Amino acid sequence: GLCGMAELAGIPGTIGGGVVMNAGAYGTDLAQVVSSVDCVSLHNGKPIHYSADKLDFSYRHSALMDANVVAAQVTLSLKAGDPQAIRARMEECAAMRREKQPLNYPSAGSTFKRPEGYFAAKLIDDCGLRGLTVGGAQVSEKHAGFIVNIGGATASDILELMRQVEQRVFEQ
């Protein structure tokens, strides 16, 4: 019965990681509902509290990205709503994900930030990179904005594939 996050249901990851990069989908992002974040400094282990106004949220960014912290607790401000309407919106978004996204393979979700005025997946498609593979990492054949693990992908495979995609899109 709490609304504000229905569009985010099904995004892979944790709330802490989602806040750090301001995860979002279908016109909603965490910046719209985060009140505060309690972090732990990776420098000295001390707690640090960030109120929403200190998080500098923008598209796939927060101040936490450069703060060398781990988000330990996130406080959200959600509003009361109709549970049936919320569930219906969650189901609607889940259906759109099933239709368009490669949910049959492990992935970290949409991999590339959308350049202003463009869509990353279209740029990748226009460069003919759908299906490009490095080791077990592949540019998804279903949605070129995703890098999926088709079996045995290492972090090095994923990073190298990301590098190749970025380079080819930049060149073309």
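The protein chain exposes about 10,100 Å², an area computed by the Shrake-Rupley method with a 1.4 Å probe. Carbon and sulfur atoms supply 54% of that surface. This is a predicted model, in which local features need pLDDT of at least 70 and side-chain atom pairs count only at pLDDT 80 or more, while totals for chains, interfaces and linings use all residues. Residues are numbered from 1 along each chain as its sequence is written, and side-chain values use heavy atoms, with hydrogens and water left out.

The C-alpha trace of the protein chain spans about 45 × 45 × 35 Å along its principal axes. The chain holds 4 helices and 11 strands. Both are DSSP runs numbered from the N terminus: helices are H or I with at least four residues, strands are E with at least two. Of the 172 residues, 32% are buried. Buried means under 20% relative accessible area, exposed over 50%, and partly exposed in between, with a 1.4 Å probe and protein chains only.

A contact means heavy atoms within 4.5 Å. Among contacts between residues at least 6 apart in sequence, 59% join residues at least 24 apart.

Now the charges. The protein chain has 16 positive and 18 negative side chains. Lys and Arg count as positive, Asp and Glu as negative; His and the chain ends are not counted. The centres of the two sets lie 2 Å apart, with each charge placed at NZ of Lys, CZ of Arg, CG of Asp or CD of Glu.

Some of these charges pair up. A salt bridge is a side-chain nitrogen of Lys or Arg within 4 Å of a carboxyl oxygen of Asp or Glu. By this rule there are 5 salt bridges. One of them joins Arg89 and Glu7, at 3.0 Å from N to O. Arg89 lies in helix α2 (residues 83–100) and Glu7 in the loop between β1 (2–3) and α1 (15–20), so this pair ties together parts 82 residues apart in sequence. Glu7 is buried, with a relative accessible area of 14%. Arg89 is partly exposed, at 23%.

Arg89 also meets Glu92 in a salt bridge, at 3.1 Å from N to O. These two residues are 3 apart in helix α2, which means about one helical turn separates them. Glu92 is partly exposed at 43% relative accessibility. Another salt bridge links Arg130 and Asp125, at 2.5 Å from N to O. Arg130 is partly exposed at 37%, and so is Asp125 at 29%. Through shared partners, salt bridges join Glu7, Arg89 and Glu92 into one network.

The Asp157 side chain instead reaches the backbone nitrogen of Gly136 at 3.3 Å. Beyond its neighbours within four places in sequence, Asp157 is in contact with Val134, Gly135, Gly136, Ala137 and Gly152.

Finish at Ser41, in strand β4 (residues 34–41). Ser41 counts as buried because its relative accessibility is 7%. Its side chain makes a polar contact with the side chain of Asn44 at 3.2 Å. A polar contact is a pair of N or O atoms within 3.5 Å; within protein, one must be able to donate a hydrogen and the other to accept it, and residues adjacent in sequence count only if both atoms are side-chain atoms. Leaving aside neighbours within four places in sequence, Ser41 is in contact with Lys46, Ile48, Asn68 and Val69.
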